[in-house]
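Let's take a walk through this model together, one stop at a time. Keep the viewer open and follow along as we go.

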Amino acid sequence: MFSRLGAFLQQAVETQEPSIDLLEAFTEHWKGLTHYYLETTDENTPVKETDIPWRLKQMLDILVYEEKQHPAGETGPCLEYLLQHKILETLSTLGKAEYPPGMRQQVFLFFSRVLGQVQHPLLHYLNVHRPVQKLLQFGSNVLGSATEKEEVQFAGVLCAKIKQDPALLTYILEGKNLLTGSPQGDAGSSQGETLATNGALTASPEQDRERSMGDVPCASLARKPKNSVSSSSPLRKENNLITSLINLCKSQKSRVALKAQENLLLLISVAQQAAATYLVQNSALCCLVTDHLCDLYNAVPTSADPADILSLERVSWRLQNNSTDEASFPGKGSLDAFFSWLDYCDHLVREAHPVVADAVTEAIGEKLFRGILQPQLLQMSELGILTSTAMLMAMVRQISAPALLQELVTFLLGTERQPEAITDSPQQHLLRSQLIEHCNHLSDEISLATLRLFEELLRKPHEHIVYSLVLRNLEERSYILRSQPGQEERSTHEQEHYEDTLELEEDPYFTDEFLDTGFRTRKKPMASSPRGPARPNEKTDVNEIVLSFLGLVPDEAKTSSYLEEAGYDTYVHDALRLFQECSANIASWNWPQAPKPLEPCDPQAAFYEGHFLKVLFDRMTRILDQPYGLNLQMTSVLSRLALFPHPHLHEYLLDPYLNLAPGCRTLFSVLIRVIGDLMQRIQRVSQFPAKLLLVRRQLMGLVPEEQIDHMTLFQGVVVLEEFCKELAAIAFVKFTPEGPV
């Protein structure tokens with residue numbers, strides 16, 4: 001009987017008067033907390049040695065328990081008391097005062113837990129979002145503050161809430177009201193936050209939200225002009241959620257910085273168009289992200305060795321302070337910091353809403369690319385050019401987000417799509433012209449660095465790169481001789497006259513046998529030259545094309561057959577792998593499968609190979625006089641171009657049987673001139689084959705290095721032989737019927 005009576009009394013307590021007991025307990029804890037400030041006399045006692053953390057924990061538990069006892073969406077008396085008596089406002093003030101010591105940390109924790117654990121929407125209330133803004137304003141003012149961990153946790157809760165309901169942006173980002181543009185604190189009456197006689201808030205958060213971010217203001221905001229940026233928000237010095245997150249991203253504590261970056265990504269990935277537009281136009285997000293990137297770039301020592309810059313591996317922003325050897329070379333820490341944030345910006349642009357991504361990309365292009373990098377690339381100091389070119393190449397390697405890559409390509413190459421002309425002014429796109437000229441610079445180091453830059457660009461999956469540099473000049477196929485009916489003899493005479501001006505009295509020597517090629521050999525295959533045979537109507541036999549390249553270098557200038565090294569099949573294997581990678585990159589570019597018919601092409605169009613190919617071809621003509629490393633890089637760029645599966649590139653770079661128009665040159669015709677020059681030099685150098693073989697062994701590391709006469713010439717011949725093999729392998733992969741083309 002007594003047990004049944006006890007159960008009945010317990011049920012009565014739980015069902016009839018829970019709110020009274022909970023409210024009384026809640027107010028008792030709050031009063032106990034405030035009484036501490038009235039009664040204590042010791043201002044140096046740490047907060048953890050008081051009962052303040054315990055009372056805040058009890059208040060939180062009561063709020064969470066109370067919410068579970070009421071239907072969803074209904075406000076309990078304890079929550080009403082917290083809102084009506086501005087408890088959060090008072091706590092934010094106490095946190096700002098940092099009294100007792102450590103109070104700010106406790107305030108951040110309490111805010112984070114209340115907003116995270118209480119499911120009822122709170123941030124729409126003035127008495128919640130105003131203290132939240134205040135708390136954000138005095139957070140993270142100093143790097144390395146003792147509350148960084150709590151601050152990033154607090155910011156993470158806010159970002160998660162905004163991700164769930166993007167309308168909250170208007171309450172968190174400096175309290176701007178979408179309808180009036182006035183601070184939310186001044187427009188509190190419009191939010192319907194009138195108090196009833198019992199102290200409860202009568203306006204529902206749902207009604208408040210509809211008035212603050214309804215369909216009409218969202219639609220009007222989405223139509224707001226791109227450049228119509230709020231003039232007040234970015235200029236304010238007060239902190240808000242964005243500034244707090246950016247400051248926390250700079251933390252020396254890697255876990256804090258990583259968490260802040262993840263929270264910022266969560267915030268900028270809002271799905272609503274209006275919310276993304278509001279984030280761009282009413283916060284300093286783009287400026288803060290870009291300014292930090294520029295600051296990190298400027299922090300890289302000007303004395304940084306370009307070789308050290310290029311030796312850096314690709315950095316990931318998720319691996320904070322991942323360098324295990326900070327002292328490996330001067331400036332490594334600064335370089336890691338810059339490229340880590342650049343990788344983060346690249347990831348941010350990839351993950352963000354397109355409105356946010358475009359705005360951040362535009363800011364990076366304006367401030368970093370054009371504001372800082374362009375003047376450095378155009379300067380006269382050779383050391384400055386080398387350093388900035390190395391930084392640019394590392395940036396090209398790091399960037400992969402389509403929007404940011406587009407901005408970088410436009411910055412470097414412009415947007416022009418029409419064919420180039422010899423008379424074009426370099427001022428049409430000064431940076432593009434200057435970079436191409438750097439490939440032919442008096443300084444071999446600058447030429448080498450810039451050629452590396454262009455090869456890295458050609459690796460990027462962006463159609464405009466190869467089109468701007470090469471393809472736009474091949475569209476009309478005006479490099480092909482077009483004879484009118486009855487004019488065949490005249491055309492042949494013009495071709496022969498043009499060849500005579502090149503002082504090529506006979507074709508190069510060709511070997512009779514090729515080891516490890518797997519092709520049917522024939523004696524003295526006809527070499528392609530501008531006065532060579534007209535290309536047959538049917539597809540040229542792939543064997544003839546391959547043998548034309550393999551047979552360019554004469555026997556007395558060949559050394560590979562004397563050394564135990566991989567055969568020609570290895571070149572084919574490597575070419576196939578690279579060609580497949582290149583084909584995968586361009587799969588979405590909708591390139592044609594066959595060359596453009598000559599009939600619709602303009603027969604009067606004058607051919608110019610373009611500034612880029614002109615420099616490369618000019619460099620190729622000097623391959624016997626250039627440093628070994630420079631030759632390797634120059635031929636590597638040409639091989640990369642030859643890999644692209646465009647029919648005009650197949651034809652222009654790899655077909656030896658073209659009838660060239662007068663004054664035109666192709667890669668094969670340039671190689672023929674080089675071979676003619678080589679044949680003359682061979683006659684003037686004693687023991688040429690033996691010395692060439694020695695140099696080849698030195699380059700392979702088989703014998704100690706020693707200086708011999710004509711070292712540059714011998715090294716150039718070695719590169720020339722290898723390059724011809726590469727071209728033959730690429731031609732086989734691209735032209736063979738069984739291949740991808």
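Helix 15 passes helix 18 in a right-handed crossing. In this predicted model, helix 15 covers residues 285–299 and helix 18 covers residues 354–377, and their axes come within 9 Å, crossing at roughly 30°. Angles under 35 degrees count as roughly parallel, so helix 15 is described as roughly parallel to helix 18.

Which residues make the contact? From helix 15, they include Leu-285, Val-289, Leu-293 and Tyr-297; helix 18 contributes, among others, Val-356, Val-360, Ile-364 and Leu-368. An α-helix has 3.6 residues a turn, so residues three or four places apart point the same way. Sorted by class, the contact of helix 15 with helix 18 has 15 nonpolar, three polar and two charged residues. Asp-291 of helix 15 and Lys-367 of helix 18 are among the residues taking part.

Now turn to helix 12, residues 241–249. Is this helix mostly covered or mostly open? It is mostly covered, with nine of its nine residues buried. The buried residues include Leu-241, Ile-242 and Leu-245, and also Thr-243, Ser-244 and Asn-247. Look at the start of helix 12 as well: there a side-chain oxygen of Asn-240 reaches to within 3.0 Å of the backbone nitrogen of Ile-242.

Next, find Gln-106 in helix 6, which spans residues 103–117. Is Gln-106 buried or exposed? Its relative accessible area is 10%, and buried means under 20%, so Gln-106 counts as buried. Setting aside neighbours within four places in sequence, Gln-106 is in contact with Val-47, Lys-48, Pro-53 and Leu-56.

For a contrast in setting, move to Ser-316, found in the loop between helix 16 (306–311) and helix 17 (332–351). With a relative accessible area of 27%, Ser-316 is partly exposed. Beyond its neighbours within four places in sequence, Ser-316 is in contact with Ser-340 and Asp-343. The C-alpha atom of Ser-316 is also 9.2 Å from that of Leu-342, a residue 26 places away along the chain.

The last stop is Val-572, which sits in helix 26 (residues 568–585). Val-572 is buried, at a relative accessible area of 15%. Which residues does Val-572 contact, leaving aside its neighbours within four places in sequence? They are Ala-729, Phe-732 and Val-733. Lys-725 lies 153 residues from Val-572 along the chain, yet the C-alpha atoms of the two are separated by 9.0 Å.

Conventions
Residues are numbered from 1 along each chain as its sequence is written. This is a predicted model: local features need pLDDT of at least 70, side-chain atom pairs count only at pLDDT 80 or more; totals for chains, interfaces and linings use all residues. Side-chain values use heavy atoms; hydrogens and water are left out. Buried means under 20% relative accessible area, exposed over 50%, partly exposed in between (1.4 Å probe, protein chains only). Helices (H or I, at least four residues) and strands (E, at least two) are DSSP runs, numbered from the N terminus. A polar contact is a pair of N or O atoms within 3.5 Å; within protein, one must be able to donate a hydrogen and the other to accept it, and residues adjacent in sequence count only if both atoms are side-chain atoms. Contact means heavy atoms within 4.5 Å. Axes are lines fitted to C-alpha atoms, for helices over the stretch in contact, and angles run from 0 to 180 degrees between N-to-C directions. Angles under 35 degrees count as roughly parallel, over 145 as roughly antiparallel, 65 to 115 as roughly perpendicular and the rest as oblique. A crossing is left-handed if the near helix is turned anticlockwise from the far one by less than a right angle, and right-handed if clockwise. Ala, Val, Leu, Ile, Met, Phe, Trp, Tyr, Cys and Pro count as nonpolar, Asp, Glu, Lys and Arg as charged, and the others, Gly among them, as polar.
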